[in-house]
Protein chains: 2
Amino acid sequence: MDDLPPRQAEVLECIRRIIVTRGIPPTYREVGDELGISSTNGVADHVKALVEKGYLRKPMRGVARGLQLTAKTTSMGDSPTLDVPILGNVAAGVPIMADENLDGCLHLGRDMVPGKGPSFALRVRGESMIEEGIHDGDYVIVRQQQTARNGDMVVALVDDEATVKFFFKEGKRIRLQPAHPTMAPIFVGADQRAAIQGKVVAVFRKY
Amino acid sequence: MDDLPPRQAEVLECIRRIIVTRGIPPTYREVGDELGISSTNGVADHVKALVEKGYLRKPMRGVARGLQLTAKTTSMGDSPTLDVPILGNVAAGVPIMADENLDGCLHLGRDMVPGKGPSFALRVRGESMIEEGIHDGDYVIVRQQQTARNGDMVVALVDDEATVKFFFKEGKRIRLQPAHPTMAPIFVGADQRAAIQGKVVAVFRKY
DNA sequence: GAGTATACTGAACGGGCGTTCTGCTGTCAA
DNA sequence: TTGACAGCAGAACGCCCGTTCAGTATACTC
């Protein structure tokens with residue numbers, strides 16, 4: 001993901017920083033001034049490469065300050081902010097990573113979403129994590145990953161349905177443990193692959 | 001707050017919509033095209049008025065697409081998104097509304113933060129609302145207001161310290177009720193004014 | 001009736017800014 | 001050693017775009 005040539009990475013970082021801190025994208029000359037590139041063409045070359053590689057977007061050509069960040073950029077590196085798309089309910093079907101948001105975005109400070117990699121948000125249905133302080137209707141912010149460690153709270157796909165549970169590997173089977181006084185854990189055998197969608201890294205609730 | 005002349009409100013709404021949906025501010029001519037204003041000066045007049053009234057900002061003059069929204073704009077109207085500044089800990093001193101963010105921002109879909117008016121976020125210290133699923137370290141999103149209704153979860157100033165409690169008016173006194181099995185409520189007499197800072201409208205937790 | 005705010009048209013100026021072209025210097029793999 | 005890629009310089013073109021100046025029209029207040 002982050003296999004950019006060093007100078008291109010600097011250019012991308014510079015553009016991202018300016019967009020985040022100033023609220024409006026820089027011009028080629030502004031980028032050049034910051035990085036010591038006197039020719040606009042020098043910057044244009046880098047931008048062209050970054051667009052081709054999917055790190056930047058240029059929706060309208062020939063337009064002043066027309067550079068935009070893509071999801072690839074906002075969910076990478078040490079960006080101070082992060083756009084987390086809300087992909088749907090955690091009890092309804094398979095969540096799919098998409099560029100465009102379905103139900104809006106959670107825009108959070110980078111330090112509030114631990115770890116790297118793409119993230120998404122889901123709405124929790126049911127009370128299975130009530131003892132963790134996660135209620136029906138809460139949103140969970142999930143970092144996409146296929147594996148998990150014992151004790152992690154994960155979003156897993158069981159019978160084509162996504163659920164939020166604690167993850168425990170017990171020998172050959174996996175235990176998906178709810179945080180509810182009366183609900184029983186779900187066991188997934190070695191044959192049925194437990195499709196881990198990601199790890200819950202944050203929770204959001206609306207009153 | 002929203003006492004703008006109708007046409008100025010349309011211009012502001014148009015600019016805000018374009019910034020939110022396209023990610024980059026519009027030019028005067030783009031605004032004019034959308035609203036049927038053929039002269040850039042017509043738009044410039046509206047922008048000038050909106051800047052003077054504090055609804056827009058123009059940090060650099062003479063710069064293409066240099067318009068920015070102010071906190072006044074983002075926390076008003078039917079904006080689809082909302083920037084909520086994080087102002088500090090809920091147990092540490094008086095929260096103050098400021099233009100610039102202290103600890104970053106929660107950028108949330110408008111429909112996720114009920115109600116109107118300016119909002120801010122605070123970090124909760126202690127376990128006093130544990131039974132509500134609000135843990136130590138959680139963030140609460142607070143809509144600024146001076147009054148509250150029975151049962152509201154509010155941020156109140158008691159002895160110059162901000163706390164999160166449920167609000168109940170009981171005759172002449174006010175009861176600030178924690179959601180904790182062993183913690184006692186705080187009573188505020190009629191003489192001591194309970195300084196309500198706002199109402200908790202959302203919660204955010206980071207793992 | 002004078003003054004002020006709103007809401008524009010039309011035109012022109014001048015710098016901002018993306019684009020394009022040519023050409024240069026490296027490095028690295030084939 | 002030929003080629004591809006990264007990373008520039010320098011210059012020129014031409015539209016984009018904020019700004020400014022000069023008016024016009026309506027509505028409202030004093």
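In the predicted model, the buried residues of helix 2 of chain B are Val31(B), Gly32(B) and Leu35(B). These residues lie on the same side of helix 2 of chain B, because the arc that they cover around the axis is only 100°. Arg29(B) and Asp33(B), by contrast, are exposed and are found on the other side of this helix. Helix 2 of chain B thus has a buried side, with Val31(B) among its residues, and another side on which Arg29(B) and Asp33(B) are exposed. After the helix comes Gly36(B), which has a positive phi near 75°.

Glu30(B) forms a salt bridge with Arg65(B), and the closest N and O atoms of the two residues are 2.9 Å apart. Glu30(B) belongs to helix 2 (residues 28-35) of chain B, whereas Arg65(B) is in the loop between strand 1 (56-57) and strand 2 (68-69) of chain B.

A second salt bridge in chain B connects Arg205(B) with Asp138(B), with a distance of 3.1 Å between the closest N and O atoms. This pair, too, links distant parts of the chain, its members being 67 residues apart. Arg205(B) lies in strand 11 (residues 195-206) of chain B, while Asp138(B) is located in the loop between strand 5 (119-123) and strand 6 (139-144) of chain B. Arg205(B) counts as buried because its relative accessibility is 4%. Asp138(B) is likewise buried, with a relative accessible area of 2%.

A further salt bridge is formed by Glu170(B) and Arg175(B), whose closest N and O atoms are 2.6 Å apart. The two residues fall into separate accessibility classes, for which the cut-off is 20%. Glu170(B) has a relative accessibility of 27% and so counts as partly exposed, whereas Arg175(B), at 18%, counts as buried. In chain A, Glu170(A), Arg173(A) and Arg175(A) are linked in a network of salt bridges. Over all chains, the structure holds 12 salt bridges; among them are the pairs Arg65(B) with Glu30(B), Arg205(B) with Asp138(B), and Glu170(B) with Arg175(B).

Notes. Residues are numbered from 1 along each chain as its sequence is written. Chains are lettered from A and ligands numbered from 1 in the order in which they are written. This is a predicted model: local features need pLDDT of at least 70, side-chain atom pairs count only at pLDDT 80 or more; totals for chains, interfaces and linings use all residues. Side-chain values use heavy atoms; hydrogens and water are left out. A salt bridge is a side-chain nitrogen of Lys or Arg within 4 Å of a carboxyl oxygen of Asp or Glu. Helices (H or I, at least four residues) and strands (E, at least two) are DSSP runs, numbered from the N terminus. Buried means under 20% relative accessible area, exposed over 50%, partly exposed in between (1.4 Å probe, protein chains only). The arc is that of the directions from the helix axis to the C-beta atoms.
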